[in-house]
Structure formats: structure tokens, C-alpha cells
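Me: I've got a structure open and want a quick tour. Can we go through it piece by piece?

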Amino acid sequence: QVQLVESGGGLVQAGGSLRLSCAASGRYYMGWFRQAPGKEREFVASITTNVGITYYADAVKGRFTISRDNAKNTVDLQMNSLKPEDTAVYYCAADASYSRSASRDYTYWGQGTQVTVSS
């Protein structure tokens, strides 16, 4: 069974930075999603396995960076210039097949980590 364990969430002021990390039990295509209260889960970023091709939602492009360490089976999300609208529970997701941004295509999900950005 695939296990995903997220870490790194917390409270930060607007303009600040946070780094989320997701440890997987194997090498998979990985993505980050987020869900704010009262809203649907939305795509944030994704990365392929070996070459590490990345894709970002327009809302985070230029501010967030997804990266992976295949030796450790970890995927990180560096979040800079955070805004109050980035406040959400962030989820790490994984699948054996590539999906750029569709949450329905990801089979495995972490428990989520809260990110709160104060104004």
C-alpha cells in the first residue's frame, strides 16, 4: 500500500514562505492539491518521475516550486510570496500514471497539512 506523509504546514504572514514535504513509499508521479474551507479541491502543482517535468496552476506560477528527490522518494513544494488566499489544507497525491492536474486521476492521497497565511 502506498503511503504519503506530508509535513511542513503552519502559520505565516503574507509575503512569507513555507516549504511542504511529502514522503512516499515508492517512486510515483506526484502532485500537490489544496482545499480551502467551503471550496472544492484544486490543483496546485505536479511533477513527473524521472525527468521531473513540472506543471503549475496559474494562481501559484512564479511563486511556488515543486521538486523531487528520487533517492529519498520525497516531493517538496516551496511556497514563496504567500497570500491570504493561499490558506488551505494542502494534500500530496501520487499515482503510477501521469496526470498533469486532474485530482480524479490520482489514486493515493496524504492526510493533508494546514497552511494559514495571515494578512
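Reply: One definition to begin with: two strands pair if DSSP finds at least two bridges between them. Seven bridges join β4 to β9, and the two run antiparallel. Keep in mind that this is a predicted model.

Me: Which residue of β9 is the bridge partner of R34?

Reply: Y90 in β9 is the partner of R34.

Me: What else does β9 pair with, β10 included?

Reply: β9 and strand β10 (residues 108-109) pair in the antiparallel sense, over two bridges. There, A93 has W109 as its bridge partner in β10. β9 also pairs with β11: three bridges, antiparallel again. In that pairing Y90 has T113 as its partner in β11.

Me: How many residues of β9 are buried?

Reply: Seven of the eight, so β9 is largely enclosed by the rest of the structure.

Me: Okay, disulfides. How many does the structure hold?

Reply: One. C22 and C92 form it, with their sulfur atoms 2.0 Å apart.

Me: What's the handedness of the link between C22 and C92?

Reply: Left-handed, with -80° about the S-S bond.

Me: Which parts does that pair tie together?

Reply: C22 lies in strand β3 (residues 18-24) and C92 in strand β9 (residues 88-95), so the pair ties together parts that are 70 residues apart in sequence.

Me: And C22, buried or exposed?

Reply: Buried, as C22 has a relative accessible area of 0%. C92 counts as buried too, at 0% relative accessibility.

Me: Let's do the core. How many residues are in the largest nonpolar one?

Reply: The largest nonpolar core has 33 residues. Those with the most contacts inside it are M30, W32, L77, M79 and Y90.

Me: Which strands supply at least two residues each?

Reply: β3, β4 (29-35), β5 (42-47), β7 (64-69), β8 (74-79), β9 and β11 (113-118). β9 gives the most, with five residues.

Me: Pick M79. What does M79 touch?

Reply: Leaving out residues up to four places away in sequence, M79 touches G16, S17, L18, L20, R63, F64, Y90 and V115.

Me: Back to strands. In what order do the four strands of the open sheet come?

Reply: β1-β3-β8-β7, with antiparallel pairing. The edge strands are β1 (4-7) and β7, each pairing on one side only.

Me: By how much are neighbouring strands of this sheet turned against each other?

Reply: By 15° on average, direction ignored.

Me: How many bridges join β1 to β3?

Reply: Four bridges join β1 to β3. V5 has A23 as its bridge partner in β3. Next along, β3 and β8 are joined by six bridges. A23 stands opposite T74 in β8.

Me: And β7 to β8, how many bridges there?

Reply: Six, and those two strands run antiparallel. R68 has V75 in β8 as its bridge partner.

Me: Which side chains of β3 point to the buried face?

Reply: The side chains alternate along β3. L18, L20, C22 and A24 point to one face and are buried.

Me: New topic: T113. Where is T113 placed?

Reply: T113 is in strand β11. T113 is buried, with a relative accessible area of 12%.

Me: What does the T113 side chain reach at 3.3 Å?

Reply: The backbone nitrogen of G9. As for contacts, T113 meets E6, G8, G9, L20, A88, V89 and Y90, leaving aside neighbours within four places in sequence.

Me: Last one, D58. Where is D58 found?

Reply: D58 is in the loop between β6 (54-56) and β7.

Me: Is D58 buried or exposed?

Reply: Exposed, with a relative accessible area of 67% for D58. The cut-off for exposed is over 50%.

Me: Which side chain does D58 join in a polar contact?

Reply: K61, and the contact between the side chains of D58 and K61 is 3.1 Å.

Me: And what separates the C-alpha atoms of D58 and T87?

Reply: 16 Å, for D58 and T87, which are 29 residues apart along the chain.

Definitions and conventions. Residues numbered from 1 in each chain as written. Predicted model: local features only at pLDDT ≥ 70, side-chain atom pairs only at ≥ 80, totals over all residues. Heavy atoms only, no water. Disulfide = S-S within 2.5 Å. Buried < 20%, exposed > 50% of the residue type's maximum accessible area, 1.4 Å probe, protein only. Core = buried A, V, L, I, M, F, W, Y, C linked by side-chain atoms within 4.5 Å. Contact = heavy atoms within 4.5 Å. Axes fitted to C-alpha atoms, helices over the stretch in contact; angles between N-to-C directions. Polar contact = N/O pair within 3.5 Å; in protein donor to acceptor, adjacent residues only side chain to side chain.
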